[in-house]
Amino acid sequence: MVGVEHALVTGVAGFIGSHLATELLKRGWLVTGVDGRSPASDPVAAENLAGLMGDGSFQFVETNIADADMTILLEGVQVVFHLAALPGVRRSWGDRFADYLTCNVLGTQRLLEACGVVEVPRLVFASSSSVYGQTDSQPSRESDLASPSSPYGVSKLAAERLCIAYATRPGAVTSVIALRYFTVYGPRQRPDMAISRVMRAAMSGHTVSLYGRGTQRRDFTYVSDAISATIAAANAGVQAEVINVGSGQSTSLAEVMDAVAELSGASVPALRRVAQPGDVDATAADLSKAHALLGYEPQVALGEGLRRQWNWLASREHKTHPVAVEAAR
Ligand code: NAD
Ligand code: UGA
């Protein structure tokens, strides 16, 4: 993009945010990365940020976006990539919802206010397939009714609608693209997510909990595809849009477990548990809009993506627990 060189990435110590910052730096951007987790005290954050710290074009700022004055950090920034959020679907019930409201909704609203003050031209928001809720057998289109099944999905829809409201008010200077990511996986995937847990179980021999019958289907999206769409959203010529980002293929959890068993050479030890509230039966992305507005074409098929995540995990585990990994092979 002509002229754009400074991005602010919120949630940079997370799974997707750390991949995004890495790719932006590779493409010559200056990156200010913000996160509430500190690499000094949080081992996951430290691991995610390891490749970024020390890069002269990268600055890390530990701060909570829900209560910090973000305007200082936004000076000179052309694009905000807003990924900071509490991301778990199944944890969002009960008392924890207060934190989801603070981080996902209030944090987004405060960031939008700050972008308006500093006149940041573009904000790209990490929305979620969870805004759709239970769907019929057709791939979800952005124009479909959004009817989330979890408090998390409600918080992401609220944040998404805030983004659109701010970008469409009279005189708005910050244009917005909200990307509805569909279950993203790959190296450094969050440890609470299914593929990550299934692979760890296969490597360690410990049992993974399987919620429901394994028939639930997800449009699993490889992380580099999600990142390509996200960077393309920095300069797409629109004012306020919501766009799906998926793989276009829907796969059951049982099929993923079979694929991981093939990679590991043994079946994955699993214990059936009841289906979890908030989980939907299936997600599937209609990608026509992503193709038309972002030129998006997913590149990494599930088999290849799983192999890459497996190899990453194996090399990582080998460094920390070489004996246990050898035994699991
Ligand atoms: P992650 O938990 O790895 O990263 C999120 C980061 O945001 C964390 O490092 C966390 O510390 C930070 N954060 C949370 N609240 C904050 C606050 N108030 N101030 C500063 N930092 C804060 O999650 P992820 O899987 O990388 O997801 C990134 C984004 O993408 C989230 O917005 C999530 O809702 C969205 N998303 C993820 C997926 C997926 O499959 N991983 C799918 C759809 C949408
Ligand atoms: C994922 C992310 O975790 C959310 O942050 C994101 O917003 C959402 O995708 C999205 O697409 O919007 P989810 O689809 O629930 O949420 O992905 P996983 O956490 O990987 O779970 C996939 C399926 O596996 C679910 O049905 C879940 O119940 C199941 N699962 C998960 C298990 O059976 N066992 C586990 O240990 C973990």
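R122 is found in strand β5 (residues 122–128); strands are DSSP runs of E with at least two residues, and helices are runs of H or I with at least four, numbered from the N terminus. This is a predicted model, where local features need pLDDT of at least 70, side-chain atom pairs count only at pLDDT 80 or more, and totals for chains, interfaces and linings use all residues. Residues are numbered from 1 along each chain as its sequence is written.

R122 is buried (under 20% relative accessible area, 1.4 Å probe, protein chains only). R122 has no salt bridge (a side-chain nitrogen of Lys or Arg within 4 Å of a carboxyl oxygen of Asp or Glu). The nearest side chain of opposite charge is E241, 9.3 Å away. A polar side-chain atom of R122 does lie 2.6 Å from the backbone oxygen of A233.

Now to ligand 2. There are 22 residues around ligand 2, each with a heavy atom within 4 Å. R90, S128, S129, Y152 and D279 come nearest. The shell divides into 10 nonpolar, six polar and six charged residues. β8 gives the largest share, three residues.

The table lists polar contacts (pairs of N or O atoms within 3.5 Å).

| Backbone of | Atom of ligand 2 | Distance |
|---|---|---|
| P87 | oxygen | 2.7 Å |
| Y181 | oxygen | 3.4 Å |
| S209 | nitrogen | 2.7 Å |

On its own, ligand 2 has 690 Å² of accessible area, and the protein covers 95% of it (Shrake-Rupley method, 1.4 Å probe). Elements giving two or more residues to the shell are α6 (194–204) and β8 (208–211).

Definitions and conventions:
Chains lettered and ligands numbered in written order. Heavy atoms only, no water. Polar contact = N/O pair within 3.5 Å; in protein donor to acceptor, adjacent residues only side chain to side chain. Nonpolar A, V, L, I, M, F, W, Y, C, P; charged D, E, K, R; others polar. Buried < 20%, exposed > 50% of the residue type's maximum accessible area, 1.4 Å probe, protein only. Lys, Arg positive; Asp, Glu negative; His and termini not counted.
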